[in-house]
Amino acid sequence: MVVQALKDQGVDTVFGYPGGAVLPIYDEIFQQNDIQHILVRHEQAAVHAAEGYARSTGKVGVALVTSGPGATNAVTGLTDALMDSIPIVVLSGQVPTFMIGSDAFQEADTVGITRPCTKHNWLVKDTADLSSVIHQAFHVAASGRPGPVLIDIPKDVQFASSEYTPKPKAPVGHYQPQVKGDMETITALVEAIETAERPIFYTGGGVINSGPAASQLLRELVEATGIPITSTLMGLGAYPASGKNWLGMLGMHGLYEANLAMHGCDLMINIGARFDDRITGRLDAFSPKSKKAHIDIDPSSINKVIKTDLPIVGDVGHVLEDMLKVWKARGRKVNREALAKWWRQIDEWKQVKCLTYKNSETTIKPQYALERLEALTKGRDRYITTEVGQHQMWAAQFLGFEDPNRWMTSGGLGTMGYGFPSSVGVQVAHPEALVINVAGEASWLMNMQEMGTAVQYRLPVKQFILNNERLGMVRQWQQLLHGERYSSSWSEALPDFVKLAEAFGAKGIICKDPADLDDAIMEMLNHDGPVIFDCLVEKHENCFPMIPSGEPHNKMLLGDAKATNAIAGKGAVLV
Amino acid sequence: MSALQIKKGSSKHSAYNLRPTFSDVQEAHTITVLVENEPGVLARVIGLFSGRGYNIDSLTVAEVDHEGHLSRITIVTTGTPQVIEQIKAQLGRIVSVRDVHDLTAEGSSVERELALMKVNGSGDKRVEALRLADIFRAQVVDSTLESFIFQLTGAPDKIDAFADLMRPLGLVQVARTGVAALSRGTS
């Protein structure tokens, strides 16, 4: 029954790990060939893999875990998906209904534990409800603001048979989020665009979640109006990095020009982003002179932290379509003269070249490694996942994304250990594609057991580890904020990554000389199979630019030589 | 030693700086939530309040439509106008929630609560308690020679007032149902 419902929902892949309470479902999976099951090595990885699958395809990802520890291990992944609005369905086994509440073996109150970390969850106590709940779950996961859902299925409910409810043609139930925006506010926004002197688009993961059409519409709108665009970490790829209006990522480690433009704009058009604290910095000094429009499918995102002048509740794709229509119908007007002046200002900011770093001939700088990775993979349809930390920010700064769904990273929750299993999920969804996990050695170790999965299913995922033998971001904060007392922020007793790869039956590459880097990267790219690339980089590199805690966008710390002063305490370079 | 010139009042050790940019006036609002009557729905609502740090001053819940499987939860909460808006928006996100109404913001409403109060005493105090109960239209639902239990319905402030009067007269226990509320008129 479960497998039938999954098939009807168009599921082709399930990531999971068996256990006593899900054996009946595993038995069903064994007896069919339509759905492939990918055996991960840890339930957290199953959920992250489902996230990678979902984020790279736009479909709903599915994970299957057993009761008790299986479900509790899934909690991190569920929370991660909730924070980043990733549509996934997690099926968990449960002890039989008559044993619930008796502290049975591998029993946990799964719906209780996962209630705050799912968009919705269900405990199915009657087989007659099972198939309709599964259909409803896919609807809830994918519609409105997407998110994770969980279905807890007791073992006796899995065994019992009942009449199958087919997938409804139209979504049933009362959960029907609003997708069309209010036309009056959309018109008001278009009017504001027509007269704005310093407008900016600030886009987020909502554009990606809305689907490829939304990215297409966004590109059309940006090109036609000539308005500069920046994006959050989650929204990279919605507008191409090579596009002429692209300012780069904004936020704590965003680009100088993007943050200064946000600070100085007079019209901010937030499309599918949520004014996260990594974006806004200090709230009372956040873009003080701008009128703010906010397009979001989730009404609770609007006015949550930043007061919005033009709130539009709706799906980004639908609202952008209406915006374009109205703007065209009103004569495609923008304030050309002011806009040209605005661009001159932005170009001045660009001259600061905030990503400049001091390269070295003897040590690989992490930025250099990513620049080379970018150069050597340019033009290939490439999927990037990341772990969390400095390498993640450098990847966002130095890699360019031309299309949506090519960038999988843990934004809201900041889950170390996300990248590797996520890359597994992406590779399963795109077997022929180049999938690279840009990692730090510490994050990567958190889910390194997935080497087993990669090797078993011959998934040629490239693990590009920027190894600084430090918890780089923690170390950076300790240096800047805690008097250089490096409490527990170095990675001691690291494994030999080449031997580790070989132990799993994969290929390992180590590189420490900048002169060898290109050849080593090419060797990684040309190898048909999983690779661990141990890239030994500068140990004390800091990630700049950076908006320090409690500061507004126009008080950024810049990197390179200027950073040395900051570190030495001879006066930070506050711009 | 810190190279960062961080202003007074901002947090030094965290990236969070959530100094409110909104009004900080606290308001009490009565919010009524129509929910699908399914296991765990109350936990979802309460979990939202505790998880996001909102206040619950009072909460009542009961099934109101058996065939439609609907329950009504009435919550009295306190917060700044922005927090109240967030509470409503967050409640609206819960999949099992059908409808959210802010009775305080949406015109006049009727709010009622039932209270039981045990008052121990003898002599003049006992007589006075009974007299006041009469003024408040409270009923005596249990009586011994040295105690009464009064039953009182009314708006929360009426019950507060009655409790204040009973306190010097030997009030020993109070049980209150919390507020049930509906908007006035046809809507």
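This is a predicted model: local features need pLDDT of at least 70, side-chain atom pairs count only at pLDDT 80 or more; totals for chains, interfaces and linings use all residues.
How many helices and how many strands does the secondary structure of chain B come to? The secondary structure of chain B comprises four helices and nine strands.

**Chain B**

Trace chain B along its sequence, and the elements follow the pattern β-α-β-β-α-β-β-α-β-β-α-β-β. Colour chain B by burial next: of its 187 residues, 25% are buried. Among the contacts in chain B with a separation of 6 or more, 74% are between residues 24 or more positions apart.

Now select residues 27-102 and 110-183 of chain B in two colours; these are domain 1 and domain 2 of the chain, respectively. Their C-alpha centres are separated by 28 Å. At the contact between them, domain 1 of chain B contributes eight residues and domain 2 of chain B contributes seven. On the side of domain 1 that touches domain 2 in chain B, the elements giving two or more residues are strand 1 (27-36), strand 2 (58-65) and strand 3 (70-79) of chain B. Strand 2 of chain B supplies the largest share of that side, namely three residues. Classified by residue type, this side of domain 1 of chain B has six polar and two nonpolar residues, with no charged residues.

**The domains of chain A**

Turn to chain A and colour three ranges: domain 1 (2-159), domain 2 (183-350) and domain 3 (366-543). Six residues from domain 1 of chain A and six residues from domain 2 of chain A form the contact. The side of domain 1 of chain A that touches domain 2 of chain A has three polar, two charged and one nonpolar residues.

**Helices 10 and 13 of chain A**

Select residues 212-225 and 316-329 of chain A, which are helix 10 and helix 13. These two helices of chain A pack at an angle of about 30 degrees, and their axes are 9 Å apart. Angles under 35 degrees count as roughly parallel, and helix 10 of chain A and helix 13 of chain A are therefore roughly parallel to each other. The crossing of helix 10 of chain A past helix 13 of chain A is left-handed.

Show side chains at the contact. From helix 10 of chain A come A:A213, A:A214, A:L217, A:L218, A:E220 and A:L221, and they meet A:V316, A:G317, A:L320, A:E321, A:M323 and A:L324 of helix 13 of chain A. By class, this contact of helix 10 with helix 13 of chain A has nine nonpolar, two charged and one polar residues.

**Helix 11 of chain A**

Continue to residues 256-264 of chain A. Is helix 11 of chain A mostly covered or mostly uncovered? Eight of the nine residues of helix 11 of chain A are buried, and the helix is mostly covered. The buried residues are A:Y256, A:E257, A:A258, A:N259, A:L260, A:A261, A:M262 and A:H263.

**Backbone details in the loops of chain A**

Most residues other than glycine have a negative phi, and most peptide bonds are trans.

- Select A:N303, in the loop between strand 11 (291-296) and strand 12 (310-313) of chain A. Its phi is near 65 degrees, a positive value in a residue other than glycine. A:N303 counts as partly exposed, with 18 C-beta neighbours inside 10 Å.
- Select A:S488, in the loop between helix 20 (472-481) and helix 21 (497-503) of chain A. A:S488 is not a glycine, yet its phi is positive at about 55 degrees. With 8 other C-beta atoms within 10 Å, A:S488 is exposed.
- Select A:F544 and A:P545, whose connecting peptide bond is cis, with omega near -5 degrees. A:P545 is placed in the loop between strand 18 (531-536) and helix 23 (560-568) of chain A.

**A last stop at A:G10**

Finally, select A:G10, in the loop between helix 1 (2-8) and strand 1 (13-16) of chain A. A:G10 is exposed, because 10 other C-beta atoms lie within 10 Å and 12 or fewer count as exposed. Draw a C-alpha to C-alpha distance from A:G10 to A:V319: the two are 28 Å apart in space and 309 residues apart in sequence.

Technical notes:
Residues are numbered from 1 along each chain as its sequence is written. Chains are lettered from A and ligands numbered from 1 in the order in which they are written. Axes are lines fitted to C-alpha atoms, for helices over the stretch in contact, and angles run from 0 to 180 degrees between N-to-C directions. Angles under 35 degrees count as roughly parallel, over 145 as roughly antiparallel, 65 to 115 as roughly perpendicular and the rest as oblique. A crossing is left-handed if the near helix is turned anticlockwise from the far one by less than a right angle, and right-handed if clockwise. Two residues are in contact if their C-beta atoms, placed from the backbone, lie within 7 Å. Ala, Val, Leu, Ile, Met, Phe, Trp, Tyr, Cys and Pro count as nonpolar, Asp, Glu, Lys and Arg as charged, and the others, Gly among them, as polar. Domain bounds come from an automatic or database domain assignment. A residue is buried if 20 or more other C-beta atoms lie within 10 Å of its own, exposed if 12 or fewer, and partly exposed in between; C-beta atoms are placed from the backbone.
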